[in-house]
Amino acid sequence: MVTPAAERKAVAHLRGAFGMSERRACKAIGCCRMTMRYQTTRADEAGVRQRMKAIAQERRRFGYRRLHVLLKREGYVINHKKLFRLYREEKLAVRRPGGRKRAIGTRAPMTVPMAPNDRCSLDFVSDQLTDGRRFRILTVVDDCTRECLALVADTSLSGIRVARELDPLVIERGKPKMVVSDNGSEFTGNAILTWADRNRVAWHYIAPGKPMQNAFIESFNGRLRDELLNETLFTSLAQARVALRCWRTDYNDARPHSRLGWKTPSEFAFTCHPRRDLALRYAQGSAPAPVATTAQPGKSNSWGELRTG
């Protein structure tokens with residue numbers, strides 16, 4: 001069965017590609033013209049959506065049925081089937097617990113970074129010294145400007161150390177709206193949970209085994225390994241820290257970034273205009289194009305109509 005949305009797209013294609021009128025296009029595919037002219041009469045659902053998300057954020061393990069009861073208590077009049085539709089559209093489904101207990105972070109979907117400090121990503125990279133000793137590097141990246149905010153190298157980096165390294169960034173740049181990381185023990189421990197709660201920062205954990213959900217930091221880690229770690233032999237931890245500090249300065253201030261119009265991250269951050277840059281960055285995005293426009297009353301495209309005889 002063809003849905004009304006698919007019929008609208010088919011008619012829009014016929015009108016755009018072949019210059020048909022709305023009447024002729026509807027007749028060609030066998031759909032009713034009222035389908036094209038239908039205007040939704042649904043009431044504004046913004047208030048219900050916002051309140052539902054607020055309750056779901058506060059009560060993480062409540063499904064749509066309990067949310068429906070709580071909304072009814074507050075005076076919202078809404079059918080449970082409609083609430084379930086909104087519930088699915090907002091992606092608030094409760095995950096089934098499985099395996100070991102881990103922090104689940106914020107329940108809201110990961111937002112698209114539109115301005116500096118909207119979203120930051122964290123991850124670890126491993127390497128070794130010439131004597132065989134291994135060390136780890138904590139990488140922190142701003143997902144909007146692609147700036148490298150920190151490169152911390154040490155033989156051991158616990159959750160407490162990660163939280164301590166984040167404090168100077170908050171003092172220097174302010175609190176990010178969201179932090180994204182994987183489910184490593186350093187990020188799911190009590191130290192990070194306490195830090196996020198104290199600073200009121202939404203911490204989003206990607207799905208286990210899905211590093212592509214943290215693509216910005218994964219891409220950065222690839223550049224770091226390809227341009228520095230694979231090209232340098234480190235004899236000591238002190239040498240590694242100096243090399244990382246120099247490479248971070250070069251990456252932010254001198255290295256052109258292909259996704260920023262070949263600007264450096266620092267230059268892009270200095271001239272960042274959220275509305276303009278978002279339009280340029282997503283000019284060929286995945287937003288659906290508008291369907292066929294409604295015909296003007298009293299006008300007829302007689303040249304495009306079907307002719308008999």
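Q: Before we start, what does contact mean here?
A: Contact means heavy atoms within 4.5 Å. The structure is a predicted model.

Q: Which residues of H4 and H6 meet, then?
A: From H4, the residues are Val-48, Arg-49 and Met-52. They meet Leu-83, Arg-85, Leu-86, Tyr-87 and Glu-89 in H6.

Q: And by class, what does that contact have?
A: The contact of H4 with H6 has 5 nonpolar and 3 charged residues, with no polar ones.

Q: How do the axes of the two helices cross?
A: The axes of H4 (residues 46-58) and H6 (residues 80-89) cross at roughly 65° and come within 11 Å. Angles of 65 to 115 degrees count as roughly perpendicular, and H4 and H6 are therefore roughly perpendicular to each other.

Q: Is the crossing left-handed or right-handed?
A: The crossing of H4 and H6 is right-handed.

Q: Moving to the sheet, what is the strand order?
A: The order is E3-E2-E1-E4-E5, in an open sheet of 5 strands with mixed pairing.

Q: Which strands stand at the edges?
A: Strand E3 (148-154) and strand E5 (202-205) do; each has a single partner strand, so one side of each lacks a neighbour in the sheet.

Q: What does the twist average?
A: From one strand to the next, the twist averages 20°.

Q: In what sense do E1 and E4 pair?
A: E1 (residues 119-128) and E4 (residues 178-181) pair in the parallel sense, over 3 bridges. Arg-119 has Met-178 in E4 as its bridge partner.

Q: Which helix packs on the sheet?
A: Helix H7 (residues 159-173) does, touching E1, E2 (134-142), E3 and E5. The direction of H7 makes about 155° with that of E3.

Definitions and conventions: Residues numbered from 1 in each chain as written. Predicted model: local features only at pLDDT ≥ 70, side-chain atom pairs only at ≥ 80, totals over all residues. Heavy atoms only, no water. Axes fitted to C-alpha atoms, helices over the stretch in contact; angles between N-to-C directions. Helix = DSSP H or I, 4+ residues; strand = E, 2+ residues; numbered from the N terminus. Parallel < 35°, antiparallel > 145°, perpendicular 65-115°, else oblique. Left-handed = near helix turned anticlockwise from the far one by under 90°. Nonpolar A, V, L, I, M, F, W, Y, C, P; charged D, E, K, R; others polar. Pairing = 2+ DSSP bridges.
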